[in-house]
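Student: Let's go through this model together. Begin with the inside.

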Amino acid sequence: MTVSESTSVAPNQPASTADDSAFGPAVLWLAFGFLLAGLGTVMLGPVLPSLAHQWRLTDEQSGWLFQAKFIGSFLGGMTVPRRLRFGILGGMVLSCAGFGAFALITSLNQGLIPGCATLFVGGLGLGQIIASSNILAGRRYPEGTGSALSTLNFFFSFGAIITGVVAAAVMPRFGLRSPLLIFAAIFLVTGLGGFVMSSGRGYSPGATAASNAQESPLPRDLFVLFGLCLFLYGGLETCMTGWLTTFTLRFSDTKLLGGQSALVLLWAALTAGRLLTSALLRWISEATLQRIALVLSAVFIALLAVAHQGAMISALCLLLGFSLAPFFPTTFAILLRRRPSARTAGIILAVSGLGAALFPWLMGLVSTHTGSLRNAMIVPLGLALGLLLLSLLIVRARSSTAGPA
């Protein structure tokens with residue numbers, strides 16, 4: 001049994017249709033849109049302590065906010081239109097509407113249910129932006145897909161890095177409403193600018209046709225294993241980035257800026273670690289580096305769960321960021337070696353949104369029912385160990401199902 005959905009362009013398809021598949025925002029608009037997507041994806045974590053205090057939320061209820069946003073992100077990633085520029089524009093409009101409404105909800109103190117609804121809409125937009133932009137970059141630069149995607153995702157990580165700094169700088173002075181409204185408006189301006197100033201630069205119809213001709217159906221066992229990997233990793237990364245500010249403020253003597261600095265350090269290490277991963281893969285195989293990184297991640301999460309001082313938490317955040325960094329690129333390198341169709345790879349990517357929706361909520365549930373967020377660190381620790389097991393199973397499945405060379 002295989003999973004064989006394909007979005008490839010047939011060789012005899014009209015050139016105008018093929019060209020349209022790589023047509024979208026010019027590179028600067030595409031990059032800035034991905035920076036906004038990074039900001040929007042991790043935005044909830046830095047504002048959560050203030051929001052939970054304002055709405056008097058338990059940790060379990062706070063987890064529902066993550067769940068709503070990332071379920072929206074999953075559905076957005078699963079419903080990317082064929083004309084990717086419309087997916088990016090639609091995602092920008094939805095993000096503007098969702099985050100703008102969320103800003104009004106916070107100012108009116110409407111509470112949990114309206115907050116979840118507006119974050120769902122914002123997440124739907126983010127899912128459209130992330131999936132459409134990644135597929136567009138891959139189609140526009142078929143001969144350098146890895147490099148193009150790495151560069152594009154750098155802007156996502158950079159957006160995530162500055163989220164904590166921006167939140168710490170503007171929230172004490174301006175609150176939530178005005179900064180969120182401005183943030184929402186920038187989504188709309190970026191979406192319209194990218195739609196008007198579109199480009200197909202770098203697109204090579206011949207190279208894309210050759211690449212599509214080599215696509216291979218992905219065996220179902222590998223499809224399930226890779227899907228589970230992204231499902232668990234989406235949950236692991238979001239558990240850490242979503243709850244880290246709250247954890248730092250609750251279990252150390254730091255104030256808001258110090259709590260945000262731990263999040264900034266984690267994202268900075270994740271970003272730098274992706275560059276380091278590229279260098280290490282010259283000497284170490286993807287599978288080996290992946291397993292080493294997962295073992296270290298589990299160790300650092302366990303140490304973080306018992307850390308008390310702000311300096312120790314910050315140091316562990318740096319180490320954890322470096323150890324988490326190799327997982328996503330090594331996993332996708334192993335997956336893309338099987339040459340799956342774009343739709344199959346897109347579905348696997350979108351599944352990470354479900355993990356990001358479920359596990360931060362589960363972490364809040366455990367915290368509420370055990371009385372401590374420290375106890376809830378068992379959730380990301382279990383995810384790291386589960387990913388290590390899946391890594392070993394993928395190696396076994398690959399050896400029993402020989403893929404194309």
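Student: By class, what is in the lining of the largest cavity?
Tutor: Seven nonpolar, five polar and no charged residues. Ala, Val, Leu, Ile, Met, Phe, Trp, Tyr, Cys and Pro count as nonpolar, Asp, Glu, Lys and Arg as charged, and the others, Gly among them, as polar. This is a predicted model, where local features need pLDDT of at least 70 and side-chain atom pairs pLDDT 80 or more, while totals for chains, interfaces and linings use all residues. Numbering runs from 1 along each chain as its sequence is written, and side-chain values use heavy atoms, with hydrogens and water left out.

Student: Which residues line the largest cavity?
Tutor: Pro25, Trp29, Leu30, Gly33, Phe34, Ile88, Met92, Ile129, Ser133, Thr190, Gly191 and Gly194. Two or more residues each come from α2 (27-42), α5 (84-108), α6 (112-140) and α8 (177-196). The element giving the most is α2, with four residues. Helices here are DSSP runs of H or I with at least four residues, strands are runs of E with at least two, and both are numbered from the N terminus.

Student: What is the volume of the largest cavity?
Tutor: About 50 Å³. A cavity is a set of points, on a 1 Å grid over the protein atoms alone, where a 1.4 Å probe fits but cannot get out; a pocket is an open set with protein on both sides within 12 Å along at least five of seven lines, and lining residues have an atom within 4 Å of a point. Points are joined across faces, edges and corners, and a volume is the space filled by probe spheres set on them.

Student: How many cavities of 30 Å³ or more does the search find?
Tutor: Two, in the whole structure. Helix α10 (residues 220-251) has the largest share, five residues.

Student: Now pockets. What about the second largest pocket?
Tutor: About 360 Å³ of space lies in the second largest pocket. Its lining has 18 residues, and Leu39, Val166, Val170, Pro179 and Phe183 lie nearest the centre. At least two residues each come from α2, α7 (145-174) and α8, with α7 giving the most, seven.

Student: New topic. How many salt bridges does a search of the whole structure find?
Tutor: One, where a salt bridge is a side-chain nitrogen of Lys or Arg within 4 Å of a carboxyl oxygen of Asp or Glu. The side chains that meet are those of Arg250 and Asp59, at 2.8 Å, N to O. Arg250 is in helix α10 and Asp59 in helix α4 (residues 59-78), so the pair links parts of the chain 191 residues apart.

Student: Is Asp59 buried or exposed?
Tutor: Asp59 is buried, with a relative accessible area of 12%, whereas Arg250 is partly exposed at 41%. Buried means under 20% relative accessible area, exposed over 50%, and partly exposed in between, with a 1.4 Å probe and protein chains only.

Student: What else does Asp59 touch?
Tutor: Not counting residues up to four places away in sequence, Asp59 touches Trp243, Arg250, Gly364, Ser367, Thr368 and Leu373. Contact means heavy atoms within 4.5 Å.

Student: Back to α2. What is Thr41 in contact with?
Tutor: Thr41, in helix α2, is in contact with Lys69, Phe70, Leu126, Ile130 and Phe156, leaving aside neighbours within four places in sequence. Thr41 counts as buried, at 15% relative accessibility. The C-alpha atoms of Thr41 and Gly127 are separated by 9.4 Å, for 86 residues along the chain.

Student: How far apart are the end C-alpha atoms of helix α3?
Tutor: Only 14 Å, for the 12 residues 44-55; a straight helix would reach 16 Å at 1.5 Å a residue. That expected span is 1.5 Å times one less than the number of residues. Buried residues in α3 include Pro46, Leu51 and Trp55. Just after α3, Arg56 takes a positive phi of about 55°.

Student: And the whole chain: how many helices and strands?
Tutor: There are 16 helices and four strands. Of the 405 residues, 54% count as buried. Among contacts with a separation of 6 or more, 87% are between residues 24 or more positions apart.
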